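User: Please take a close look at the end of this chain, and then follow the description back to other places worth a student's attention.

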Amino acid sequence: MEDANMSLLIKRPITVRVIVTTRWKEDAQQQLQAQLQQLDAQLQQLEMQGQRAIAEIQKQSIIPLSSQAAQQIENIQVQVNQKRAEILERKNQFLQQIQQVQLLEIDQEVVQNVQLESFFRLEKGDNIVNKMNVEIVIKDNIVEDIRGEI
């Protein structure tokens, strides 16, 4: 095989940049609000499940509660508290993201957290860094620009 014909087909990540518009800000905030509502629903469900599990243990136990039953209740409370803390942390992250979106200026470019990939042919003599750095710029769901070596 000749060296001149050697090439590789390589997968690369593509950075997606969004030009901030009023519409994009509204859509982003609505998506984040929907995620907050899901987390609120998860919190409610978690609380109800914890209360039901504790009530079931209390119902099956003799009063006063045995040390085993008390330990089971304490374990449930610890698990509920840990899960509640995780959900509240995620909720706080979404609230911070909403605030960040509100602070963005119109026509500012921001990197969107989207996973896109493409393939490219790499040949001897190519600059791999240049070939790996490709970006798509989007404004209101329309591709405005493709940057980098395609």
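Analyst: Isoleucine 150 lies in the segment that follows strand E4 (142-147), where strands (E, at least two residues) and helices (H or I, at least four) are DSSP runs numbered from the N terminus. The model is a predicted one, in which local features need pLDDT of at least 70 and side-chain atom pairs count only at pLDDT 80 or more, while totals for chains, interfaces and linings use all residues. Residues are numbered from 1 along each chain as its sequence is written, and side-chain values use heavy atoms, with hydrogens and water left out.

Isoleucine 150 is exposed, with a relative accessible area of 69% (buried means under 20%, exposed over 50%, partly exposed in between, with a 1.4 Å probe and protein chains only). Together with Val143 and Ile146, Ile150 forms a nonpolar patch on the surface, and the three have about 310 Å² of accessible area together. Such a patch joins nonpolar side chains (Val, Leu, Ile, Met, Phe, Trp, Tyr) within 5 Å, and like charges within 9 Å, among residues with over 30% relative accessible area and no salt bridge; the areas come from the Shrake-Rupley method with a 1.4 Å probe, and only the protein chains shown count as cover.

Aspartate 140 is found in the loop between strand E3 (134-139) and E4; aspartate 140 is partly exposed, with a relative accessible area of 27%. The phi of aspartate 140 is near 50 degrees, a positive value in a residue other than glycine. Most residues other than glycine have a negative phi. Aspartate 107, in the loop between H2 and strand E2 (109-123), also has a positive phi, of about 75 degrees, and aspartate 107 is exposed, with a relative accessible area of 51%.

Leaving aside neighbours within four places in sequence, valine 110 is in contact (heavy atoms within 4.5 Å) with Val16, Arg17, Val18, Val20, Trp24 and Leu104.

Note on methods
A salt bridge is a side-chain nitrogen of Lys or Arg within 4 Å of a carboxyl oxygen of Asp or Glu.
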